[in-house]
Amino acid sequence: MINRETIDKIMETARIEEVVGDFVHLKKRGASLIGNCPFHGEKTPSFHVSVSKGIYKCFGCGKGGDSVRFIMEHEKYAYPEALKYLAQKYNIEVEETFDYTQDTELQNTKESLFVASQFASQFFETQLWETDEGKSIGLSYFKERGFREDIIRKFNLGYSPDTWDALTEAAQAAQHSLEFLEKTGLSIKNEKGKYYDRFRGRVMFPIHNFTGRVIGFGGRTLKTDKNVPKYVNSPESEIYHKSNVLYGLFHAKKAIREADNCYLVEGYADVLAVHQAYIENVVASSGTSLTIEQIKLIARFTQNITILYDGDAAGIKASLRGLDMILEEGLNVKVVSFPEGDDPDSYMHKVGAGAFKTYIEENRLDFILYKANTLLADAGKDPIKRAGIIRDIVESIAKIPDSIKASVFIRECSRLLEVEERILLSELNTIRATRLKKANPNSGSAPTSPFTRAEGPGSRLDHWPADGPSPEELYGESSSEAVQSLKIADDLLQEQEIVRLLLSYGHELVSWDKIDNMYIGSFIIQNLTDVTFENDLCKQIIDVYRSEIENGQLPTANQFIKHPNHAIADLAITLSTSPYALSENWYNRHQIYVRDETINLKATILGGLYHLKKRKVDRILNQLLEEIKAETDATNQEILMQRYAYIKNVEREISKYLGSVIVK
Ligand SMILES: [Zn+2]
C-alpha cells in the first residue's frame, strides 16, 4: 500500500498536460489543450485537457478524469501502478507497506527482466571501454566508422566478447538468476540445460523504452563471414515488443516536441550519425518495417514526420506504399533522399555535420509531391504508366483525413501531372466513396459528402461540417424522427452551453453597458428567470447555482466537478473541459467565427443566452401556431394571435441582436 502522504504529493506534483503530453500531441486551443484521443481511433481532435482543472475529457468516446485515471486507462495499470509511474516521472520517493499479490508477481517478473537487461547493458559497455578485446575490436570499429566518443557513450554502445558465455558467466557471478536472462533472450539454454550467450563477438546497441530503461539489444557482427548474420536482435519478451518500440526515442522525445518534427531513419547507425550532426529529433524503426504502433508512438510527440531515405531507387519505390499508413494516421510526411549509394550515416560522415544539417533542411519534399516526382521520372513519356501513376497518387491523397490538406495536394498534383484538377477530384471522390462503402456496407442513408469522413457514433452533431448541408437539408424538411431528434439534441446542446459558461466564467467580474462590476454567474442566472430547462442534469446544476447565489454564495466549478452525484460530476467535467466543442457547432452553422471566446466574453455570454432563448421562443411560437389552427372559437383565436404577435416580436428582437452583436 502506498501511503497517503505519497499519494497527496504525487497528486500535487503531477501536471495533467505533462502526463498526457507524454502520450498525446497536444495543441493549445483557447483556454485548454486539445489532441487526438489515444483511446479511440480519430483523426480530428476531440480530446481536451484542462490545465487549470487537472483533467482530460474526450468528446468522441467519453473518457475523462485526472492524471492517475489517464495512466490507468492508457497503460492498463492498476491504481498503485499508475501512482508509481507518476512518482517515477516526478522523482517522488514512494513510501509503501509491502503487500504480496498476484499483480505484483507479474510486475516483479517484468522488473527482473529490466534489471537483467540493465546488467547486460553495463557489462557490454564495460567490455567496450575497459578490456583489450573490446577496445581493439569494438571501440576501434566505432571510431573507424567516424563516431565521436560522446555519441558512443550517450547511446551506451557496448561490445560482447567473442566467447560462448562471457555474459552468462558474469551474470551468474553477480547472482543474477539465469531464468530472467533467458527470458530476455540474452542467454539461450541448450538441450543439455547449459546456458550460452546469444550475442558473441558483436558491437552492441542497447534499445531503450521511452522512459529510458533497457529492454533489448541489437548486435552487429564484425566478422566478414557471409554465413554470420550482420545484425542479431533480441527476441520479443515481456518487456520488448518490436512493433511498438522506436530506437532512439528516449534520447529524441524532448527534441521532437521542441522541433515539432521527427526524423525517421532505418538503422541504429543512422540514428547515431544524425545525433552526431547535432540533430536530436531522430528515431529508427529498426528491426521491423514501420508499424502503425510506431507511427502512433511518434504522433504522441508531433504530427510531423520527415523520412530520411537511402539514395537507392529500388528501395524507395518499395517503401513508398508503406508510407500511406502515416498519411492515414493524419500525420504530415516529408521526405529527404540522399544521393545514390548514400544513407544518412554514410552521407553525414562524408560531408560532415554542418553540411549534413543544411542538406536535410534544404532537401525536404512533401511526401505526395516526392512520390509524384519519383514515379513520374520512372514512367517517362509512357501514357499508360502515367495514367497508373495518377491513380496511385490520388490513392495516397485519399488517405489524408484532413480534406483541406487533401485539396491542396490535388491542386499541386494537378500542376505536376498536367491533369485538370477536376479530373483528379472526381478520381478522389470515387476512391473515397468505394472506401466508405467498404467500411460500412449497410449505411446507404448516412449523410456522406466526399469530403466528410465517416465519424464515430454520436460524433455527428459535434462535427457537423461548417460548409456541408444542414441536417434539415439532408433529412428533408419533413418532421421526420431524424429532424425531431436533432432538434431535441440541439436544445440540449444550448442548455449545456449555458452550464458550460457558468462553470467556465461564473467568477469573472464584468462591467457591460448598464451592469457594473457584476459576476458573470449572477448575470447569467438573472437572465434565466424566464427559461425552463428541459434537460434534467442541466436543470439540477442551474437550480443549485441559483439557490447558492440566493444564499449569497458564488458556486465554483469544482463544487460540481466533485459533486457526489456522478452524473452531475461527469457533465461538469465534460463541460468545463470543453471550450468550444459544444458552441462551435452552432457558431459554425450561423457562420459566426469567434477566434477566442475570452476575447469577446460579452458576445460569448450573450450569444449563449440568446441562442437558448431563441430556441425556447421558437418552440412557444410553434405551439401557439398549432393552438391557433386547432382553436375554433373566434375570440379565443384572437387572443392567441395577439400573444403570437407579441412573442414573435420578442423573437425578432433576439434575432436582430444575434445578427448584430455576436457577429464579430
Ligand atoms: Zn476518445
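Along the sequence, the donor residues of the zinc ion follow the spacing C-x2-H-x17-C-x2-C. The structure is a predicted model, in which local features need pLDDT of at least 70 and side-chain atom pairs count only at pLDDT 80 or more, whereas totals for chains, interfaces and linings use all residues. Residues are numbered from 1 along each chain as its sequence is written, and side-chain values use heavy atoms, with hydrogens and water left out.

The zinc ion is coordinated by Cys37 (SG), His40 (ND1), Cys58 (SG) and Cys61 (SG), at 2.0 to 2.3 Å. Donors are here N, O and S atoms within 2.8 Å of the metal (3.2 Å for Na, K and Ca); water is not among the atoms, so sites may look incomplete. The angles subtended by the four donor atoms range from 101 to 118°, which makes the arrangement tetrahedral; four donors count as such if all angles lie between 85 and 135 degrees. The pair Cys37 and Cys58 links distant parts of the chain: Cys37 lies in the loop between β2 (32–35) and β3 (47–50), and Cys58, 21 residues apart from it, in strand β4 (residues 55–58). Helices (H or I, at least four residues) and strands (E, at least two) are DSSP runs, numbered from the N terminus. Cys37 has a relative accessible area of 6% and is therefore buried, and Cys58 counts as buried at 1%. Buried means under 20% relative accessible area, exposed over 50% and partly exposed in between (1.4 Å probe, protein chains only).

Strand β14 (residues 304–309) is mostly covered, with five of its six residues buried. Strand β12 (residues 262–265) runs parallel to β14 and is joined to it by three bridges; two strands pair if DSSP finds at least two bridges between them. Six bridges join β14 to strand β15 (residues 332–337), also in the parallel sense. Thr306 of β14 is the bridge partner of Tyr263, and Thr306 also stands opposite Lys334 in β15.

An open sheet of four strands shows antiparallel pairing in the order β6-β9-β10-β11. Its edges are formed by β6 (158–160) and β11 (231–233), each with a single partner strand, so one side of each is left without a neighbour in the sheet. Direction ignored, neighbouring strands of this sheet are turned by 35° against each other on average. Strand β10 (residues 214–221) pairs with β11 over three bridges in the antiparallel sense, and Gly219 has Val232 in β11 as its bridge partner.

Two packed helices are described by the angle between their axes and the distance between the axes. For helix α3 (residues 67–75) and helix α4 (residues 79–89), the angle is about 110° and the axes are 9 Å apart. Axes are lines fitted to C-alpha atoms, for helices over the stretch in contact, and angles run from 0 to 180 degrees between N-to-C directions. The helices α3 and α4 are therefore roughly perpendicular to each other, a term that covers angles of 65 to 115 degrees.

Asn91, in the loop between α4 and α5 (102–130), has a phi near 50°, a positive value in a residue other than glycine. Asn91 counts as exposed at 74% relative accessibility. Glu418 is placed in the loop between α19 (403–417) and α20 (421–439). The phi of Glu418, a residue other than glycine, is positive and near 55°, and Glu418 is exposed, with a relative accessible area of 68%.

Methods
Four donors count as tetrahedral if all angles lie between 85 and 135 degrees; four count as square planar and six as octahedral if opposite donors are over 155 degrees apart and all others between 65 and 115; anything else is irregular. Angles under 35 degrees count as roughly parallel, over 145 as roughly antiparallel, 65 to 115 as roughly perpendicular and the rest as oblique.
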